Amino acid sequence: MTTTTTTLTRSRHNRVIAGVCAGLAYRLGWKPRTMRLLFVLSFLLPGPQFLVYLVLWIIIPNEKR
């Protein structure tokens with residue numbers, strides 16, 4: 001049994017704003033569009049979603065070329 005680990009990075013190729021949603025989607029094995037949709041829908045709920053996005057933008061490194 002082989003396991004592959006991927007590090008969490010912001011996507012350089014499939015980004016809309018900063019690549020955070022695409023990076024999270026690749027890490028979880030989801031499609032980037034699904035992650036973006038869930039994140040946009042989460043903005044309808046009360047909470048600090050915008051701040052979470054900004055923090056993730058700052059702490060997640062860019063994907064290496």
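Q: What is the mean pLDDT of the protein chain, and how many of its residues reach 70 or more?
A: Happy to start there: pLDDT is the predictor's confidence in each residue, from 0 to 100. Here the mean is 87, and 92% of the residues reach 70 or more. This is a predicted model, where local features need pLDDT of at least 70, side-chain atom pairs count only at pLDDT 80 or more, and totals for chains, interfaces and linings use all residues. Residues are numbered from 1 along each chain as its sequence is written, and side-chain values use heavy atoms, leaving out hydrogens and water.

Q: At what angle do helix 1 and helix 3 pack?
A: Helices are DSSP runs (H or I, at least four residues), numbered from the N terminus. An angle, from 0 to 180 degrees, lies between the N-to-C directions of axes fitted to C-alpha atoms over the stretch in contact. Helix 1 (residues 20-28) and helix 3 (residues 49-59) pack at about 75°, with axes 10 Å apart. That makes helix 1 roughly perpendicular to helix 3 (65 to 115 degrees).

Q: Which residues make the contact?
A: Contact means heavy atoms within 4.5 Å. Val20, Cys21 and Leu24 of helix 1 meet Tyr53, Leu56 and Trp57 of helix 3.

Q: Which residues of helix 1 are buried?
A: Buried means under 20% relative accessible area, with a 1.4 Å probe and protein chains only. In helix 1 these are Val20, Cys21, Ala22, Gly23, Leu24 and Ala25, and they pack against helix 2 (32-42) and helix 3.

Q: Is Arg65 buried or exposed?
A: Exposed means over 50%. Arg65, in the segment after helix 3, is exposed, with a relative accessible area of 86%.

Technical notes:
Helices (H or I, at least four residues) and strands (E, at least two) are DSSP runs, numbered from the N terminus. Angles under 35 degrees count as roughly parallel, over 145 as roughly antiparallel, 65 to 115 as roughly perpendicular and the rest as oblique.
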